[in-house]
Amino acid sequence: MTLSDHIADKSRVVAVLGPTNTGKTHLAIERMLGHSSGMIGFPLRLLARENYDKICRLRGAQNVALVTGEERIIPRGARYWVCTVESMPVDRAVSFLAVDEIQLAADPERGHIFTDRLLNARGLAETMFLGSDTMRPIIRRLVPGVEFISRPRLSSLTYAGQKKMTRLPPRSAVVAFSASDVYAIAELMRRQRGGTAVVLGALSPRTRNAQVEMYQAGEVDYLVATDAIGMGLNMDVDHVAFARMVKFDGFAPRQLMPMEVGQIAGRAGRHMNDGTFGTTEDVGPLDAELIQRVEEHEYDVLRQIVWRNNELDFRSVAGLLRSLERRPPDGELMIRRRDADDHAALGVLADTPLIRNFATNKAAIRLLWEVCQIPDFSKVMSDEHARLLGRIYEHLIQGDGRLPEDWVSRLVSRLDRTEGDIDALVGRIAHIRTWTYISHRGTWLDDSKGWQEKTRAIEDRLSDALHSRLTERFVDRRSAMLVRRLASGATLLGHVTEDGEVQVEGARVGQLAGFRFEPESGNLGEDERAVLAAARRILKDEISGRVRALQTAGDDAFTLAATGQIEWQSVPVARLVAGDDVLAPRVQVLDSALFESGQSDKIRDRLQSFVLRWVRRRLEPLFALDEAQRSDARLGGAGRGLAYQLVEGLGTLARFADGDPAGHVEKADRAILTKLGVRFGRKSIWVASLVKPAAAEARALLWAVNNGLALPAPVPQPGRVSAPRVEAVPDAFYEACGYMAVGRLAVRIDVLERTAGDIAERAKDGPFATPVELASRIGGRAEDVEALLRSLSFKQVQAEDGSQRWRRRRRSEPQRPRQVAGTKPGAPKPALVARSLRGREESPFAVLKQLMTAGGR
């Protein structure tokens with residue numbers, strides 16, 4: 001048994017069949033994401049890209065790959081693969097595999113690819129085929145053990161009769177089957193209805209998306225299209241009107257089949273919204289039987305699918321041609337694919353003497369076949385395309401498998417021109433897409449990635465120019481309504497001023513603050529939706545430019561506010577949130593509806609590097625301590641534990657009689673820590689240099705971020721030795737800032753420790769009166785000195801002369817426990833251990849706890 005047979009035996013195969021708008025794709029994606037890995041093939045690059053973006057949002061871009069003939073995004077360790085059906089890497093083992101629109105196995109041009117996937121592509125655990133119920137008998141015959149799931153349409157589809165073009169309701173799509181018919185109808189709609197979007201199969205995905213976005217945004221209420229809308233475009237269409245019922249199928253004009261009518265009409269009424277279909281007056285009413293079949297989704301089942309042999313013979317060109325012409329294994333269900341473009345190209349090149357002289361071994365013949373598979377996106381398989389394929393093969397075979405850079409550059413540069421009419425731009429886009437495909441053949445060009453970027457940039461420029469021409473021609477600029485004057489997709493009609501004001505047709509429509517658009521409201525009347533949509537479109541280039549500017553800006557361009565927000569150009573663009581380490585908070589970019597794929601990640605990465613440097617500059621001693629506790633072999637367990645606690649406590653630890661963190665630290669460890677700036681006081685252990693204002697502000701901010709709080713109180717002003725203590729503020733906050741809570745004050749640690757030292761000296765001579773002269777040192781009053789004495793374990797007693805004196809509390813005398821602000825008496829002290837290390841037996845704090853417990857025994 002082969003591996004594929006074994007997989008077929010183990011894998012569950014499901015066919016999910018039904019008409020349009022049944023949620024089949026949603027189900028497949030949901031099932032795929034329930035597996036550890038998966039792959040799904042779509043019939044169009046446009047569909048693949050749309051669903052790739054959707055899955056990236058659900059699972060993260062690092063887990064999702066996109067593979068089409070013209071685009072490859074493959075992160076290391078990608079788990080989910082979104083592809084066009086032709087580009088599916090079916091030799092890759094995945095748990096789940098799905099193929100969309102499986103009924104295309106009957107398509108004369110591409111059917112053999114879908115048939116191959118139906119017969120051979122399987123997931124390790126589950127395989128799913130999506131499509132029309134017309135495929136049910138063939139799937140049952142060819143796929144043993146298949147399970148069928150029928151999906152009913154989510155909304156109804158009703159025939160609405162024939163209407164004049166000028167009487168079509170808003171949100172209508174008018175369908176014809178040639179570019180000339182589409183253009184003529186679009187001109188009429190422009191004159192009669194103010195404008196229309198245009199969709200043809202010859203448009204690039206970028207142009208098609210721009211036209212659809214214009215329609216979706218409400219800038220125009222009508223769409224004129226070929227049957228390109230029948231697959232892959234989900235739009236808010238309420239009514240589909242057929243302006244023609246005859247199409248040219250590559251061989252001859254013919255009437256639309258009922259299933260084709262249903263596929264196109266099914267674009268109306270998406271999701272739970274009902275839709276209607278009908279005809280224009282030139283076509284006349286539809287046949288009653290056809291209407292019934294479309295409304296009830298009853299179509300003739302498919303009798304045959306298209307097949308082509310995939311076990312090719314590369315021993316000779318003649319053998320390769322013969323293997324392509326091999327008969328299908330099931331002559332009843334399958335017909336052999338004829339006149340495929342790659343097959344036709346091979347026939348042309350095989351008749352060329354020079355090509356025959358080169359194609360004399362398996363490697364050379366295999367390379368010839370790869371060259372023949374370069375697509376002709378103009379769909380005419382002209383002599384010009386065949387000549388291009390011949391030159392490519394000659395260069396590859398003579399140039400060690402590489403194309404000469406100067407030759408490629410010369411041909412590509414000729415296409416980088418945006419002048420000309422619609423047809424000229426369509427032709428250039430078809431040619432540049434061919435070069436984009438070639439650039440993804442990684443071994444054919446020395447700088448394949450660079451050529452991918454260059455050809456994609458040219459395609460984008462040409463696509464934008466084509467969108468502009470279509471809009472100029474088919475959207476009425478003379479209309480008094482602003483919505484009808486947003487020509488050229490708003491790119492030429494709007495701009496952003498230096499102070500961020502967004503204008504469309506000279507009217508202020510909002511403000512761009514950082515990366516967030518704040519629309520004006522209330523002054524745009526009934527056109528508000530369309531105008532704001534246009535404004536958002538013109539902001540795409542502005543946002544891209546701002547992202548690039550932020551990426552290249554120096555650290556001095558950013559400000560980290562006390563609120564934890566990061567500002568750029570005086571506008572908040574991100575904020576800090578807790579990370580895995582108290583010294584390494586994460587950057588969270590403020591959400592913006594204007595971001596395109598990857599832009600937020602670029603901003604986050606740049607700001608993350610800024611934050612890490614900002615923290616390190618202010619708190620370098622803590623990084624030194626962290627490094628020491630991790631890697632300094634001279635430090636014992638207790639020393640490492642103390643260093644770890646100091647880092648987690650942001651440079652300050654309180655010393656308590658019931659649990660001194662330095663109680664088990666050896667003398668040698670103390671010496672090492674002292675050299676690192678650690679000071680051992682009577683009430684605390686602290687890092688001396690971190691009491692400076694800049695460090696104190698940074699410590700306060702990190703404490704707030706790490707605890708998921710806003711700053712509970714202002715950081716004491718520079719030069720202040722103390723500040724009034726706020727009862728609701730945790731003592732841990734003051735300690736993180738380099739202060740200790742004493743009574744009604746928070747006293748700076750170095751000042752407090754010097755004062756505590758003076759008190760200790762005074763106590764050597766016996767009981768003493770309250771040293772009120774120390775009140776000015778700590779910035780307080782006599783009562784604050786008394787609070788400090790009590791915190792140092794001194795007790796007030798009555799002397800023989802009746803006066804009040806202070807002496808050190810004896811060990812046998814109970815002491816009032818230290819209460820942290822915001823906690824109940826007797827509650828445990830706040831944990832200083834980072835969330836990421838709590839409960840870990842190997843952490844330095846756990847080691848210290850074990851040592852202290854052992855010592856207590």
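**A sheet and a helix pair**

Reply: Four bridges join S31 to strand S32 (residues 745–748), and the two run antiparallel. Helices (H or I, at least four residues) and strands (E, at least two) are DSSP runs, numbered from the N terminus. The model is predicted: local features need pLDDT of at least 70, side-chain atom pairs count only at pLDDT 80 or more, and totals for chains, interfaces and linings use all residues. Residues are numbered from 1 along each chain as its sequence is written, and side-chain values use heavy atoms, leaving out hydrogens and water.

Me: In what order do the three strands form the open sheet?

Reply: Strands of a sheet pair through backbone hydrogen bonds, either parallel or antiparallel. Here the order is S30-S32-S31, with antiparallel pairing; two strands pair if DSSP finds at least two bridges between them. Strand S30 (722–724) and strand S31 (739–742) are the edges, each pairing on one side only. From one strand to the next the twist averages 25°. Tyr-739 stands opposite Arg-748 in S32.

Me: At what angle do helix H6 and helix H17 pack?

Reply: Axes are lines fitted to C-alpha atoms, for helices over the stretch in contact, and angles run from 0 to 180 degrees between N-to-C directions. Helix H6 (residues 179–193) and helix H17 (residues 448–474) pack at about 55°, their axes 9 Å apart. H6 and H17 are therefore oblique to each other: angles under 35 degrees count as roughly parallel, over 145 as roughly antiparallel, 65 to 115 as roughly perpendicular and the rest as oblique.
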